[in-house]
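Here are some notes on the model you sent, as numbered points. Please read them with the structure open.

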Protein chains: 2
Amino acid sequence: MEPNTYAQAGVNIAKAEAFVERLKKQSRRPGHKDLWKGAGGYAAIMPINNDIGMALTTDGVGTKLLIALELNKLETIGIDLVAMCANDLICVGAKPSGFLDYYATSKLDDRMADDLIKGIVEGCDQADMLLVGGETAELPDLYEGKHFDIAGFAAGLVRRDELLTGESIQPGDKLIGVASTGIHSNGLSLARKVLTDKKWKEELLTPTAIYVKPVVQLLGGRGLIKGVANITGGGWRNILRLNANVGYRINNPLSLPEVFVELGKKVSSLEMYKTFNMGMGLAVITSGDTDKIIETFKEFNFKAQVVGEATENKGHIEIDGGIVLGGKI
Amino acid sequence: MEPNTYAQAGVNIAKAEAFVERLKKQSRRPGHKDLWKGAGGYAAIMPINNDIGMALTTDGVGTKLLIALELNKLETIGIDLVAMCANDLICVGAKPSGFLDYYATSKLDDRMADDLIKGIVEGCDQADMLLVGGETAELPDLYEGKHFDIAGFAAGLVRRDELLTGESIQPGDKLIGVASTGIHSNGLSLARKVLTDKKWKEELLTPTAIYVKPVVQLLGGRGLIKGVANITGGGWRNILRLNANVGYRINNPLSLPEVFVELGKKVSSLEMYKTFNMGMGLAVITSGDTDKIIETFKEFNFKAQVVGEATENKGHIEIDGGIVLGGKI
């Protein structure tokens, strides 16, 4: 049977989330200052003093790695790795500053390692971040054949008065969607089983867009942005993470990249919206000047448009055509 | 053939180091403040303002994981993970503050995941650090069977006037050794092939000591400590990382844990010293009150003693009995 849901592809999001919840309970201990709360828990924010905090996050690229290995094309997977971390930092209003990578493989291969770095450095440039360190581990017997794994860690700084909490979002606020470059680094366990043709596999490798520069520029505009959601695993439901008291209506979506049209031939629409970014890699919420925001993204060659607005139907995203998304990611 | 060197066990340290060097070249970019230089490159330090910097590091536990899996005993491997990161932060004078873990597996197993967290939380408590986040990835097809990997990421803060650079170390300074709890998390690829008996495998799983609390307490004593070396991969040569202009003579080593005696039956002495901590998990260099330092470690139940001193024989460690260590790790 061909898998056509994310769970059938072997990924249990609910179980993973429950584990993360158990982890979170550990983040309060006596003798430590309380963390600052950033929107959607996209990054942990530790206060340094009253004015500035350190935002920390970690991520991997999932099974996009396996496609890169299969196609023997590792030059851009590092961009994805940086993107997954950097795009999370900006969701809490932090400016990315330092990146570290963990790279574990059965046997270090110079060409593969250099290709990998090349992508990481390119990603760091796009995110205006420094690659400051890393761990390279040769783990014979743990990884099979040419398999390896990479994890990224990013640290940023956020001024308390620029922290994005999502708290001020209210019905009527505009939702601006910023175009993705394709599937990014989510839903690949499903996609790579559905799209087995080489042409599509190459398409799946398109690097994740890094939205840091325009967002950092917009953060300077005091309160113009109320929330930023990185659309990763769980699809558009990520927008619901920002504020539990509102919902959204999306009636003017960005055009759908071809890869999603192809995936849609095998995967149900609901499953598609619950899993993939569907052409919108980042969502920005504002009650201010939408043109200014759209123009700023355009300066950095990102297509952006008003795709909908916040509603009173809390916890739900109504999509034109009848699909309603809700529930925890 | 039974492997009896680290290279034969499949680990090429020189190659890994060369890769890290290539990575380091990327850490200077226009538009970014220069990093502060901490001793031995144990952690990257990014200035936040003139007074305070953010120290960042990442590490894994290597093939100690495979022993944990084989013995089905995952409760303490998280302690090792935290230790590998936290013990690096203190080498640059930073106080550990936040920890994140990356945990990737083929299929999330609640019991395994909970055991893993248990260790991470225990490690964070020992390091007086908060577990503030993590990524849990289910990667079907990348990891085989019950295999998984974990990486740790730690951030700390360091005052500029407490930064450990190792620059002031000079011949005649005392070298204080602090006892390890056994093999810690280095040299396991070799050790687990030499020690195949279950009794010894259990011994190899003993968690890595976390030296944070005594060292942080000592850092308050302005200049009392000139350098701290976490003895990880490469053995005692780690001490040479602190200052290239001196060497060391070690004539009063800490007693050798039994596991190293056993390993020594199969592995040459030179290889042992080049690979393992040989009973000394941390080295502290001072020209001040050695008793105060030793007493402070004792308060936290760590055995410490003056094991030798810095010499003019730069780049070399002379060990009583005739072994001389040198060269890059």
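1. In this predicted model, helix α7 (residues 212-219) of chain A packs against helix α10 (residues 290-299) of chain A at an angle of about 140 degrees, and their axes are 8 Å apart. Angles over 145 degrees would count as roughly antiparallel; α7(A) and α10(A) are therefore oblique to each other. Their crossing is right-handed. On the α7(A) side the contact is made by A:P214, A:Q217 and A:L218, and on the α10(A) side by A:I293, A:T296, A:F297 and A:E299. Sorted by class, these are four nonpolar, two polar and one charged residues.

2. In chain B, helix α7 (residues 212-219) has B:V212, B:P214, B:V215 and B:L219 as its buried residues. What do the buried residues of α7(B) pack against? The partners, in chain B, are α3 (77-89), β3 (95-105), β7 (227-230) and α10 (290-299).

3. Next, the core. The largest nonpolar core has 210 residues, and those touching the most other members are A:V82, A:A86 and A:V92 together with B:V82, B:A86 and B:V92. Beyond its neighbours within four places in sequence, A:A86 is in contact with A:P96, A:A127, A:M129, A:A154, A:I210 and A:V212. As background, nonpolar side chains in soluble globular proteins tend to be buried together.

4. A:G60 deserves a look. This glycine is found in strand β2 (residues 52-60) of chain A. Is A:G60 buried or exposed? A:G60 has 27 other C-beta atoms within 10 Å and is therefore buried, the cut-off for that being 20 or more. Apart from its neighbours within four places in sequence, A:G60 is in contact with A:D149, A:I150 and A:A151, and also with B:Y102, B:A104, B:E135 and B:A137. The C-alpha atoms of A:G60 and A:L81 are separated by 5.9 Å, although these residues are 21 residues apart along the chain.

5. Please check two backbone angles. A:D128 is not a glycine, yet has a positive phi of about 50 degrees. A:D128 sits in the loop between α4 (110-126) and β4 (130-138) of chain A. This residue, A:D128, counts as partly exposed because it has 17 C-beta neighbours inside 10 Å.

6. B:N72 lies in the loop between α2 (64-70) and α3 of chain B. With 10 other C-beta atoms within 10 Å, B:N72 is exposed.

Conventions
Residues numbered from 1 in each chain as written. Chains lettered and ligands numbered in written order. Predicted model: local features only at pLDDT ≥ 70, side-chain atom pairs only at ≥ 80, totals over all residues. Core = buried A, V, L, I, M, F, W, Y, C linked by C-beta atoms within 7 Å. Buried ≥ 20, exposed ≤ 12 C-beta atoms within 10 Å, placed from the backbone. Contact = placed C-beta atoms within 7 Å. Axes fitted to C-alpha atoms, helices over the stretch in contact; angles between N-to-C directions. Helix = DSSP H or I, 4+ residues; strand = E, 2+ residues; numbered from the N terminus. Parallel < 35°, antiparallel > 145°, perpendicular 65-115°, else oblique. Left-handed = near helix turned anticlockwise from the far one by under 90°. Nonpolar A, V, L, I, M, F, W, Y, C, P; charged D, E, K, R; others polar.
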